[in-house]
Amino acid sequence: MPGEPSPCVRCSRCRPWGGRAGNEAAFVLQLFARAFGTNNLPDCSNMCHESSGFALSETLGTGKGTVSLDDLHHADLIFLVGQNPGTNHPRQLTALEQAKRNGARIVAVNPLPEAGLRRFKNPQKPRGVIGRGTQIADRFLHIKPGGDLALFQALNLLLLEAEDARPGTVLDHDFIDAHTAGFEEFAQHARTGDWDDVRAATGLTREEIEKVHDEVLRSERVVVCWAMGITQHKHGVPTIREIVNFVMLRGNLGRAGTGVCPVRGHSNVQGDRTMGIWEQMPDSFLDALQKEFGFDPPRPHGLDSVNSIKAMREGHVKVFLALAGNFVRAAPDSEVTEEAMRSCRLTAHISTKLNRSHTVCGDTALILPTLGRTERDVQADGEQFVTVENSMSEVHTSQGRLEPASPLLLSEVAILCRLARRTLDGKPDIPWDRFEGDYGTIRDRISRIVPGFHDFNARVTRPGGFQLPNPVNEGVFNTSAGKALFTRNERVIPKAPEGHLLLQTLRSHDQWNTIPYTLDDRYRGIHGSRHVVLVNPADLRELGLAQGDHVDLVSIWADGTERRAENFEIVPYPAAQDSAAAYYPETNVLVPLDSVADISNQPTSKGIVVRLEPTPA
């Protein structure tokens, strides 16, 4: 981690966790933590899109995507890479359906064919329910787990070769010359690509990739979307950097219908980060806090999720305070994570629903029930609403309409304000009472601290809210060179030893984040169990296994250690050959805490080398 932690951070007693909360609660949480004296503010982005943030910040100067819903509607070609909108991002399917009706073509890149991309029936429209639905994906690339870096390197090589054959007609030299740096070094490296390596890494033929290349050449406006099928690999950051190279070659940045789109699943993951829930907030944000509230926030970087678990286990963190989330089940290395939680003196959860994390307790454990987003929130100054920011940087209101489950329930904002007031005892002088009584006063402060939130209270109540500005779309790149950066990314060929497979973890359709609602996965035709492993029939024949066999999943690591998830039923499924898939969090035990992505320190739950051992009778 950059920067040396101060003694108070090294011996920190407070480790907040953010996830589903609205902007107002997130802002209050980070203000409380920093007034207390810590930057230990890990959040769920540490475990899902941290690789996106690092790669985009390095190459484009912003950790966010550059795409709006309107861009999706007007793109000619959309890539969906390492994501499954049908299960994880259902609202995106509506935008993709509109894009299809506007003439867009869609390329899905995934180790598993997904039902939601083959035929989408929109339940919000009569024709969606009674008709045949919309075929979302026009082309499906059945890629091996982790082969996406090699795929985009191959596409970039083909674009360079097409430019050589027809100079001045393929690449956008005006964009490259005016807005980018590092092109020559990138191009020199890209031309060393080897098609045998591409085949080994992706499982795709050159012909399959060339057909996609032809689609690119026919398209003036291209968007690339991705999710955790990219970010949760060890080489997630280089893969996203290569995607940025790809979109820049033909100027697919900063124009309508173009851009890069990391798709986040939670309702306000992006907003939490914007509000300051990050252990590495820049000095500009901390300076603005200091000016607004009159105290000096701590400057050394705090702990991310992985390093927080280590610090708890080693006794350096004594208090775990969670705002929403199911940390124990979301984190890797289940046994170590639970051991770390039990090492705390106090664990406290601000939650709407019970989950597994509540049962893994420190010496003292608290559950602080809170209002849900769907419930009416009435405070001293009247009924309140909160705001959220989606993956497209759109900020809008969220207001509950249901009567609270109990008149004793407090809102997230109220709980945090009362904790801060009693913990800090008036120092520094922050109006926690006013914040609790009127969330508009919080938004007033946000408007003076967070860029893009000027006139927050007035703008957010307009129909649809407002769109945050994106510097890339204004031709501004806050990088080391002041331009968008082409990068050289070393080739990676993920592979498993003979008799082993590359495992990816995923969600079922009837699951929200770590919480399965049923034991069914309707989209994949699986019913009554989550202890299943999906394997290509050809791999099953080679391994001497068959449908219905029960096996232990044994992960293999470079240091010689092995980890075991027991008693999984084999289901033949058209997974990419040499790979397998199983649900998380049941498979989190297979991933050690130290298995993280290069650069971003994000846990890696994809590309796990496993062997399938028959379960003892």
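1. Ground rules. Residues are counted from 1 along each chain as its sequence is written, and side-chain values rest on heavy atoms, with hydrogens and water left out. As the model is predicted, local features need pLDDT of at least 70 and side-chain atom pairs count only at pLDDT 80 or more, while totals for chains, interfaces and linings use all residues.

2. Salt bridges overall. The count comes to 41 salt bridges (a side-chain nitrogen of Lys or Arg within 4 Å of a carboxyl oxygen of Asp or Glu). One network of them links Lys100, Arg105, Asp138, Arg139, Glu215 and Arg218.

3. A look inside that network. Arg139 and Glu215 join their side chains in a salt bridge at 3.4 Å, N to O. Arg139 sits in strand β4 (residues 139-142) and Glu215 in helix α14 (residues 206-217), so this pair ties together parts that are 76 residues apart in sequence. Helices (H or I, at least four residues) and strands (E, at least two) are DSSP runs, numbered from the N terminus. Glu215 also meets Arg218 in a salt bridge, again listed at 3.4 Å, N to O.

4. The cut-offs are under 20% for buried, over 50% for exposed and partly exposed in between (1.4 Å probe, protein chains only).

5. Arg376 pairs with Glu403, their closest N and O atoms being 3.1 Å apart. This pair links distant parts of the chain: Arg376 is in the loop between β10 (364-369) and β11 (378-379), and Glu403 is in the loop between β14 and α22 (412-424), 27 residues apart. Arg376 is partly exposed at 27% relative accessibility, while Glu403 is exposed at 56%.

6. Three strands form an open, antiparallel sheet in the order β13-β14-β15. Because β13 (386-389) and β15 (466-467) stand at the edges with a single partner strand each, one side of each is left without a neighbour in the sheet. Strand β14 (residues 394-398) pairs with β15 over two bridges, in the antiparallel sense; strands pair if DSSP finds at least two bridges between them.

7. Glu436. What does the side chain of Glu436 make a polar contact with? It is the side chain of Arg418, at 2.8 Å. A polar contact is a pair of N or O atoms within 3.5 Å; within protein, one must be able to donate a hydrogen and the other to accept it, and residues adjacent in sequence count only if both atoms are side-chain atoms. Glu436 lies in helix α23 (residues 432-437) and is buried, with a relative accessible area of 9%. Leaving aside residues up to four places away in sequence, Glu436 touches Gln379, Val413, Ala414, Cys417, Arg418 and Arg421 (contact means heavy atoms within 4.5 Å).

8. Ile515. This residue is in strand β19 (residues 515-516) and is partly exposed, with a relative accessible area of 32%. Together with Trp512 and Tyr517, Ile515 makes a nonpolar surface patch of about 310 Å². Patches take residues with over 30% relative accessible area and no salt bridge, joining like charges within 9 Å and nonpolar side chains (Val, Leu, Ile, Met, Phe, Trp, Tyr) within 5 Å; accessible areas come from the Shrake-Rupley method with a 1.4 Å probe, and for residues only the protein chains shown count as cover.
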